[in-house]
Amino acid sequence: LVGAAFGAQAQNYPTKTITMVVPFAAGGPTDTVARLVAQSMGATLKQQIIVENVGGAGGTIGAARVAKSAPDGYTIFLHHIGQSTAPALYRKLSYNAIDSFEPIGLVTDVPMTLIARANFPAKDFKELLAYVKANKEKVTYANAGLGSASHLCGMLFQTAIGVDLTTVPYKGTGPAMNDMLGGQVDIMCDQTTNTTSQIKGGKVKVYGVTTKTRLASMPNVPTMNEAGLPGFEVAVWHGLYAPKGTPKPVVDQLSNALRVALKDPTVKQRFADLGTEPVADNRARPEALRAHLKSEIDRWGPIITKAGQYAD
Ligand code: MLT
């Protein structure tokens, strides 16, 4: 009987507002991607999708909340690469990064930029490297907690240059950026969805972008390869999930609405302005996200274990 009830429910889904959980504070890059996608998906599904920011612990607080939510299609989850790094970083997760969720589809791969507060005393990466090495204890590095993309990029950066910096964790790089604009924190590696406007406005210094080739949205910004850190490439992939057990017809409807959103001219233009682009249509599907998440968990596990960073 319950199956039938669920079946009927799935039949005329959605009949009420949907919540999209973002596991970081409002105003950051993940929030920016979520709100663009939620707006368009809501139009397709003819129901409002409201974004709920559940920050903390590098995105794992939000993930745990969704893992425990009713699998009825009214709670969905937008997260990024952090979904694949958390299993190696957190030894006591209350959920399984794969089995506690139903994948809906991949969304976008966002480049990162190495930035500093506007009056940081280094005009290019060479000077940054020299200054950081000469002032190890003084330089502060902002991130959004263990497991955030800014943490991952920072870990790779500090490993690459052989310097451990003082980390200042925030509930998202939205708040971190506010502190950087106020000169309260020195450097950060953050996604172009959060840094493009500040860089173009001259409000922060930029040392490089973590892509193979320069971005059309910021052609004057060198790649980290050009700047002096060869092979420093990081792209922050984002995925959309529902709790495990969400009925397949509902997951399919959500994947369809996601694919429509990724073709929406407004979404595509905003993504382009912010240095990114939607994934190809065939990747905005459950099986593509499931495969990518599995391969990323396998890829990052050994790297993180070698870097010796984890939380008990
Ligand atoms: C991250 O560093 O993972 C994100 O920038 C966090 C956020 O979206 O605020």
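The structure holds 14 salt bridges, each defined as a side-chain nitrogen of Lys or Arg within 4 Å of a carboxyl oxygen of Asp or Glu. The model is predicted, so local features need pLDDT of at least 70 and side-chain atom pairs count only at pLDDT 80 or more, while totals for chains, interfaces and linings use all residues. Residues are numbered from 1 along each chain as its sequence is written, and side-chain values use heavy atoms, with hydrogens and water left out.

The protein has a mean pLDDT of 95, and 97% of its residues reach 70 or more; pLDDT is the predictor's confidence in each residue, from 0 to 100. The ipTM is 0.93 and the pTM 0.95.

Among the salt bridges is the pair Asp109 and Arg283, with the closest N and O atoms 3.4 Å apart. Asp109 lies in strand β4 (residues 101-117) and Arg283 in the loop between α11 (265-273) and α12 (286-307), so the pair ties together parts that are 174 residues apart in sequence. Helices (H or I, at least four residues) and strands (E, at least two) are DSSP runs, numbered from the N terminus. Asp109 is partly exposed at 30% relative accessibility, and Arg283 is partly exposed at 26%. Here buried means under 20% relative accessible area, exposed over 50%, and partly exposed in between (1.4 Å probe, protein chains only).

Lys123 pairs with Glu127 in another salt bridge, the closest N and O atoms being 2.5 Å apart. Lys123 is exposed, at 60%. Glu127 is partly exposed, at 31%.

In helix α11, Arg270 forms a salt bridge with Asp273, at 3.9 Å between the closest N and O atoms. The two are three residues apart, and therefore separated by about one helical turn. Both partners are partly exposed, Arg270 at 37% and Asp273 at 34%. Elsewhere, salt bridges that share partners join Arg259, Lys263, Asp281 and Arg285 into one network.

Helix α12 was examined in turn. Its 22 residues should span 32 Å at 1.5 Å a residue, and the end C-alpha atoms are 31 Å apart, which agrees. The expected span is 1.5 Å times one less than the number of residues. The helix bends by about 25 degrees at Trp300, and Pro302 follows within four residues. The bend is the angle between axes fitted to the seven residues ending at a residue and the seven starting there. Buried residues of α12 include Leu289, Leu293, Ile297 and Trp300. The buried residues pack against α4 (82-89), β4, α6 (149-161), β9 (235-243) and α10 (248-261), contact meaning heavy atoms within 4.5 Å. Just after α12, Gly308 takes a positive phi of about 65 degrees.
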